[in-house]
Amino acid sequence: MAPIIQTRDLKKQYNPPDGPLAVRDVDLVIETGEVYSLLGPNGAGKTTTISMLSGLLQPSGGEAIIAGYNIATDPIKAKQVIGVIPQEIALYPRLTGRQNLRFFGQLYGLSGRALESAIDEVLEFIDLRDRADEKVEKYSGGMKRRVNIGVGLLHRPRIVFMDEPTVGIDPQSRRRILDAVLELKQRYGMTVLYTTHYMEEAQELSDRVGIIDHGVIIAEGTTGQLIQMIGELDQIILRVDNQQVPPAMLEQFGNVEGVTSVNQQDGELTVRARRGRKALPDLITIANNAGVHISSVRVQEPDLEAVFLHLTGRALRE
Amino acid sequence: MRKLWAILWKENYERFTDRTGAIYMFLVPLVMSAIMGLAFSGMTGPQDVTVLDIPVGIVNLDEGGSQGTALGAIFSEALIPSDPASPDADNPLHRLFKARAISNEAEARALVDSGELTAALIIPPDFSASLTPDPAAFAAGGDEPLTLVGHTNLTLYRNPRSTVGWTIFRDVVQGIADGIAAGNIAVGATVSGLVEAIPAHPLLALQLASGSLNETFTGIAQAASQPDANPIRIRQVDVAGRTQDAFDPLATFSPGFAIFFMGFTVTVGSATILREQRLWTLQRMALTPTPRGIILGGKLLGTYVGGLLQMFVLMIAMSLVGLILQGPSTNIWGSDLPAVVALTLAAVAAATGVGITIASFARTEEQAGNLAAFVLFVMGLAGGIFFPTMQMPDFLQFLPRLTFHFWGGNGYTILSQGGALGDVLPNIAALLIMGVVFFVVGLYQFNRRLDI
Ligand SMILES: Nc1ncnc2c1ncn2[C@@H]1O[C@H](COP(=O)(O)OP(=O)(O)OP(=O)(O)O)[C@@H](O)[C@H]1O
Ligand SMILES: [Mg+2]
């Protein structure tokens, strides 16, 4: 089966000929039912990419095929199968949540009973039934975000583009949104293209992650593949405070399988190992035998943050 | 189509549920015109209250009679001072009327029509000839008695808004005509004697107006002639005219205020494109499978419909204010409904075009608001919303004609003074042209700037 989203050499230059190249030669291949995350810092080109894929922006070059439709030549058909949840809260503040849903539902071609039942279903999904008839301007940030999501789902799209839907909201609302994304995939079989600069979100939600920086996808794959790719090791941090640590004990640490280095600094022992959790019991036994009391243990596995750091030399969030 | 309707509905739902907006759209123009109505209410009443210097015109087309008689000239001689610059203060007719000779009938009619003259008298070419015996018949001899040969018609054009002034003129003309018919040319002096008393006694003027003094004049005539045989008939023609002496403050100010504030509504309405761009709702609309033309068209049509709704609501509300302040004689919008509707459709179209253009030059909604406040205020000033454009010097008279305020306001004035659709066609045409030109400029400009 052909991929549901496929791009070739997608480019965007704002204000040509001198404007910035926001996206360069992006080739995306996303299969039906996948959750694919574009992970990148501010200004990486995430919104620009989504805007081109959804037919809002004319690409400066290349092409995008969405569900078999070329977005440049067949925009109306393509838009019918895409639901976009923009980064901005794109709602009318003086209209109620329900009126916003109804208005955009009409623009998606829904009407009558089909429209009303779609609205009810969406309100259920975003858990906003009881406040649906209040004006959006009275909503909390989290509620606005949820309506913002709801508008993009009204017409039951096959593909959902979500552009940083969790920016600036409380942890509880954020949790709900992440659960909703998983539900879209699992219950409705939707394909989700998700952008974020939170690596935990990408890591939790995605089947695959594309890391984007300066308009270029610099790495792509499952979280595991990406981490493996950079060959980064686990770190085990043992807190010993200001006890005397016998040199013999450190030597024994070095002999544990998988361990490559041991460092002592500021009352902490940092042990680098290929598979940290496996080495941990041995390390604790050795310390006990040496009479050194360990007050806390932390294992840091490499994450997408580390991958990004490794690839760019910069942190994902500054 | 359904999508267009959805956008149109949304536009106006937002517009008319906004309380601040409603204050500017309805309350402010209403209160302003009510204040003007009250401020000028001392001068109110659609009638000429002055009995002095009633402006009248005389068109003497009389070609003379067989024996060199020029009876038509009697009217001019009685009414028009020999030196118009210094009228004879002792001649009561000269104090009562400001009469002038006019060379042709069309011009006289136009002057009455424009309100410059209260009335005009037209003396026909055959006036003298009809009233003097035919010398040929006389020369041929015969037994027949010498009689007047026929009838003749004097025509009086009348501005229907004028009441007292008109009646006085008609009675004076009648008196002179009766005198001529009776062969008593000197009767003019008698009429003068009677009229002399008028300026000093307004009550007398009103009696004269109501016709109760008519017998006096008729009496003069009767004394000298056989009434049944009076060969001079007076035919009166009402000119559907505007008049300046009829000052109706609400009719003068209300349409202008309605247009002025409607201009803001449609400009702010057009500028919501910028707000929607900032809120990202414009982009969101563009993300739906809806053609771009429907989105922009729906928004602009929504703005147009909003302006129309505002105008119609204001028309009704201002009429009610007029009814309360000035009574049932107030007629702000005229009585030709199709004409009022057509003029309003055109005025709002022109304003919407201007509004789009203003908004298209702004970067943000706030900028559009500031630009609108400036441009629309200047246009309102130039277009005669706050003072009559006739007070502008001649070389600036082209200025008002560049504004929809002028063409719209002028159109409503024509209609309120009894004009019909035909009379405001030039206004409608000017407004439509303005609408189309600005619409094209504005849309071109928007299209260039709006990347959706
Ligand atoms: N309309 C525009 N005109 C000019 N430059 C733009 C425009 N929109 C975005 N850019 C530039 O293009 C680059 C990519 O922007 P984009 O919004 O796609 O990034 P992003 O990954 O979505 O960032 P964020 O996390 O801040 O949303 C940035 O350098 C941005 O400044
Ligand atoms: Mg973005």
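**Strands, ligand and backbone**

Mentor: Let us begin with one pair of residues: A:Phe161 stands opposite A:Leu193 in β9(A). This is a predicted model, in which local features need pLDDT of at least 70 and side-chain atom pairs count only at pLDDT 80 or more, while totals for chains, interfaces and linings use all residues. Residues are numbered from 1 along each chain as its sequence is written, chains are lettered from A and ligands numbered from 1 in the order in which they are written, and side-chain values use heavy atoms, without hydrogens and water.

Trainee: What makes strand β8 of chain A largely enclosed by the rest of the structure?

Mentor: Buried means under 20% relative accessible area, exposed over 50%, and partly exposed in between, with a 1.4 Å probe and protein chains only. In β8 (residues 159-163), 5 of the 5 residues are buried, and therefore the strand is largely enclosed. In a regular strand the side chains alternate between the two faces of the sheet. Here A:Ile159, A:Phe161 and A:Asp163 point one way, A:Val160 and A:Met162 point the other way, and all are buried.

Trainee: Why is A:Asp266 called exposed, and why is A:Asp9 called partly exposed?

Mentor: A:Asp266 has 66% relative accessibility, and therefore counts as exposed, whereas A:Asp9 has 31% and therefore counts as partly exposed. A:Asp266 lies in the loop between β13 (259-265) and β14 (268-273) of chain A, while A:Asp9 is found in strand β1 of chain A.

Trainee: What is phi near in A:Asp9 and in A:Asp266?

Mentor: Most residues other than glycine have a negative phi, and most peptide bonds are trans. Phi of A:Asp9 is near 50°, a positive value, and phi of A:Asp266 is likewise near 50°. The peptide bond from A:Pro16 to A:Pro17 is cis, with omega near 5°, and A:Pro17 sits in the loop between β1 (5-13) and β2 (21-26) of chain A.

Trainee: How do you know that the side chain of A:Glu164 makes a polar contact with ligand 1?

Mentor: A polar contact is a pair of N or O atoms within 3.5 Å; within protein, one must be able to donate a hydrogen and the other to accept it, and residues adjacent in sequence count only if both atoms are side-chain atoms. An oxygen atom of ligand 1 is 2.6 Å from an N or O atom in the side chain of A:Glu164, so the pair qualifies. For A:Gln87, a polar side-chain atom lies 2.8 Å from an oxygen atom of ligand 1, and for A:Tyr14 the distance to a nitrogen atom of the ligand is 3.4 Å.

Trainee: How many residues are buried in chain A, as a percentage, and in chain B?

Mentor: Of the 318 residues of chain A, 50% count as buried, and in chain B buried residues make up 50% of 452.

How values were computed
Helices (H or I, at least four residues) and strands (E, at least two) are DSSP runs, numbered from the N terminus. Two strands pair if DSSP finds at least two bridges between them.
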